Amino acid sequence: MKKLFACSVLLLLWLTACSHSAECPVADDELPALIVDTDIGGCTDDLFALAMLHRYVDEGRCRLLGVVVDRPGEENAMLADVLNTFYGHSSIPIALARGGLEGGEIWTDYRDLPHYTDAQGVPLIRGSLTDVADLPDGYRLYRRLLASAPEGSVRICSIGFVNVLASLLLSQGDEYSPLSGIELVRRKVKSLYIMAGSFASEPQVEYNLSRCLEASHTFFDLWPAEVPICFSPAEVGETIDYPVEQVLADFSSLPPHPIQQVYQRCRVDEDQRMWDPLVVLQAVEGDALFTLSEPGRVWMDDSARTYFEPDAQGRCRYQKPGTATWCQAVLHRIRSLAAAPIAPSVAR
Ligand SMILES: [Ca+2]
């Protein structure tokens with residue numbers, strides 16, 4: 001009981017610290033700089049993760065340098081644009097995947113989100129893109145953003161497939177930088193936070209890695225060993241569900257929010273596991289909330305199972321599952337960010 005009480009107090013202190021963090025403004029160039037790499041369009045946890053990132057930007061907790069959509073299909077890039085636009089961040093560049101994946105599974109089909117209208121035919125959710133075909137390839141945006149970033153400054157949040165990261169690692173010098181993709185990552189990336197893998201006693205064949213097996217092998221083969229990776233494995237996000245009724249209640253008082261509209265129009269009837277939000281939480285707020293493995297090395301076999309070997313010189317760590325109290329506190333934090341009241345300048 002004492003341990004549970006101590007844990008609860010720590011979580012309360014953390015939540016209190018989080019709620020006051022926006023009161024200490026930091027110069028823009030000192031904020032964590034992030035690139036998010038998402039397979040938006042198949043599952044709703046990407047929507048919550050992106051909503052959280054936009055909220056962090058509004059709170060002055062991070063800069064979002066770009067959104068890479070790794071699920072091929074221009075309609076998926078339009079979804080990212082809807083989120084950018086809704087939060088008043090339409091200037092954040094978007095890029096998309098062209099190849100490297102045949103197409104991921106779709107559990108909740110919300111690809112029509114940019115075309116939702118009210119009963120009078122008035123668009124409910126607007127985007128800003130005028131020509132999706134003009135968007136750059138994902139690895140090209142990575143190269144442009146990394147080339148202009150300070151050394152060791154960029155945090156990557158990978159909440160989808162690694163097909164675009166693999167293309168980046170295979171890339172050679174271009175007009176943005178004479179450096180190879182591997183060298184750009186080595187020099188410019190501070191750390192990678194990634195929803196991938198499984199490190200349970202009975203490792204799962206994890207979806208994100210198994211859907212693009214060749215790219216996943218390229219990723220593990222070429223990622224520079226000295227650039228840290230923190231994995232958020234499948235078994236951690238699986239312990240935190242955001243119930244459908246809770247989502248509808250949380251978003252009921254907001255103006256037509258993309259997540260609210262998706263849940264209403266698609267008649268979502270399954271609670272959503274919070275895989276992707278855990279990546280965003282750690283990338284922006286740091287390690288304190290999480291129980292992490294010791295440092296080590298990670299590799300993947302031919303069936304996309306991942307393995308961890310402790311190694312003091314290794315730069316990989318992974319999140320470990322928490323208690324029920326921890327799961328509740330994390331869900332509370334996710335809800336407070338994703339479903340926060342929208343700033344008046346953004347609300348429509
Ligand atoms: Ca995802």
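Leu50 touches Val36, Thr38, Ile40 and Leu83, leaving aside residues up to four places away in sequence. Touching, or contact, means that two C-beta atoms, placed from the backbone, lie within 7 Å. This is a predicted model: local features need pLDDT of at least 70, side-chain atom pairs count only at pLDDT 80 or more, and totals for chains, interfaces and linings use all residues. Residues are numbered from 1 along each chain as its sequence is written.

Back to Leu50. It sits in helix α2. Helices here are DSSP runs of H or I, at least four residues; strands are runs of E, at least two; both are numbered from the N terminus. Is Leu50 buried or exposed? Buried, with 30 other C-beta atoms within 10 Å. The cut-offs: buried is 20 or more other C-beta atoms within 10 Å of the residue's own, exposed is 12 or fewer, and partly exposed is in between. Ile40 is 10 residues from Leu50 along the chain, and their C-alpha atoms are 9.1 Å apart.

Now Val36. Not counting residues up to four places away in sequence, Val36 touches Leu50, Leu53, Leu64, Val67, Val68, Cys157 and Ile159. Val36 is also among the residues with the most contacts inside the largest nonpolar core, as are Leu34, Phe48, Met52, Val69 and Val279. That core has 101 residues. A nonpolar core is a set of buried Ala, Val, Leu, Ile, Met, Phe, Trp, Tyr and Cys residues joined through C-beta atoms within 7 Å. Which helix gives the most to this core? Helix α2, residues 45–58, with eight residues.

Next, helix α4, residues 138–147. It is mostly covered, with eight of its 10 residues buried. Among them are Tyr139, Arg140, Tyr142 and Arg143. The buried residues of α4 pack against strands β1, β2, β3 and β4, and against helices α5 and α6.

Those two helices also pack on each other. Helix α5 (163–170) and helix α6 (181–188) meet at about 105°, axes 5 Å apart. Axes are lines fitted to C-alpha atoms, for helices over the stretch in contact, with angles from 0 to 180 degrees between N-to-C directions. So α5 and α6 are roughly perpendicular, a label for angles of 65 to 115 degrees. From α5, the contact uses Leu168, Leu169 and Leu170; from α6, Gly181, Ile182 and Val185.

Last, helix α11, residues 258–265. Pro258, Ile259, Gln260, Val262 and Tyr263 are buried there. They pack against α2, α3, α10 and α13. Just after α11, Arg267 takes a positive phi of about 50°.

Methods. Angles under 35 degrees count as roughly parallel, over 145 as roughly antiparallel, 65 to 115 as roughly perpendicular and the rest as oblique.
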